[in-house]
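User: Hi, can you walk me through this one? I'm new to reading structures.
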Amino acid sequence: MPRFAPATPRSRRLGRELRKLREAKGLTGEETAKLVRCSTSRISRIESGEIKPRAGDVMELLVTYGVRIDEEPGTSLLELARDLREEGWWQRLGGRYATYIAYETEAAELKNFEPMLVPGLLQTERYAREVNIIGRETDPATVEQRVAARMTRQEVLHRQPTPLRLHAILSEASLRTEVGGPDVLREQLHHLVKVSQLPNVTIQVLRFEAGAHLADSSGFALLTFAHDDPPLGYIETLAGELFLESSRDLARLSAAYDNLRMLARSPAESMRFVKELSEHGA
């Protein structure tokens, strides 16, 4: 039962369903571990989604729990285990963003606030290249790999039949900061206007005049998923990434986002402002 990196909503979903079956059987994690001859911590990590179990491992657990493997829910759980064996494109990248991309790929809705840069899902190729060059990478091949990955990430906005619903709040600073020079920024602003016309994309601009708000310190994201999977909060810091799952943390992020949405210009007003910046300069 090898480690699954990164965890995804599907691995967490499989783990939750296996835990429910174990509890319904009246078994503890320790008792289950003895029956299938593995460690208690391994059972715990499977149930938390940290391990990607093989279909054979899941089959052994189902038999232990008295669940038939040729009918529901056994067949669906085995199929889910097989799906987990398929490597996502982001896993080949490695690096610090692989876990976040895994969640983003399966999210149903994403709420995103960015204080200084246009968020990755809305970046043009030229803008993304400049972002990856500035203070991060000097190796051209690595830069191009990251740019290509960012463009691939954006496919979630066009996937069928259910594209990602994106609500992005951009600070005025993110629209005025010259990344790559005026031509690159102008192209980026035009792109924001274009992508805002997608029915699943909403963009609001937080003008300087809005003043202080509840997210002065950093940007953040809130992801929600289908199948009743629990939501997830995400904050990127200089020291690393934070994934937030507790109801308290998620409530604080939601309150901050609601505050930003109230302070920001409406989507229509925001796009008028972006058009003005693109035509007359930032």
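User: Where is Ile69?
Analyst: This is a predicted model. In it, Ile69 sits in the loop between α4 (55-64) and α5 (74-84).

User: Is Ile69 buried or exposed, or partly exposed?
Analyst: Ile69 is partly exposed, because its relative accessible area is 33%, and buried means under 20% while exposed means over 50%.

User: What does Ile69 form with Met59 and Val63?
Analyst: A nonpolar patch on the surface. Together they have about 230 Å² of accessible area.

User: New topic. How many salt bridges are there?
Analyst: The count is 19. One of them joins Arg12 and Glu245, with the closest N and O atoms 2.6 Å apart.

User: Which parts does that pair tie together?
Analyst: Arg12 is in helix α1 (residues 9-25), and Glu245 is in the loop between β6 (240-244) and α11 (247-263), so the pair links parts 233 residues apart in sequence. Arg12 is buried, at 6% relative accessible area.

User: What about Arg176 and Glu172?
Analyst: Both lie in helix α9 (residues 172-176), four residues apart, about one turn of the helix. Glu172 is buried at 3% relative accessible area, whereas Arg176 is partly exposed at 31%.

User: Last one. Where does Asn200 lie?
Analyst: Asn200 is in the loop between α10 (182-195) and β3 (201-206). Asn200 is buried, with 11% relative accessible area.

User: And what does the side chain of Asn200 reach?
Analyst: The backbone oxygen of Leu157, at 3.1 Å. Asn200 also touches other residues, including Pro163 and Arg165.

Definitions and conventions:
Residues are numbered from 1 along each chain as its sequence is written. This is a predicted model: local features need pLDDT of at least 70, side-chain atom pairs count only at pLDDT 80 or more; totals for chains, interfaces and linings use all residues. Side-chain values use heavy atoms; hydrogens and water are left out. Patches are made of residues with over 30% relative accessible area and no salt bridge: like charges are joined within 9 Å, nonpolar side chains (Val, Leu, Ile, Met, Phe, Trp, Tyr) within 5 Å. Accessible areas come from the Shrake-Rupley method with a 1.4 Å probe; for residues, only the protein chains shown count as cover. A salt bridge is a side-chain nitrogen of Lys or Arg within 4 Å of a carboxyl oxygen of Asp or Glu. Helices (H or I, at least four residues) and strands (E, at least two) are DSSP runs, numbered from the N terminus. Buried means under 20% relative accessible area, exposed over 50%, partly exposed in between (1.4 Å probe, protein chains only). A polar contact is a pair of N or O atoms within 3.5 Å; within protein, one must be able to donate a hydrogen and the other to accept it, and residues adjacent in sequence count only if both atoms are side-chain atoms. Contact means heavy atoms within 4.5 Å. Lists of a residue's contacts leave out its neighbours within four places in sequence.
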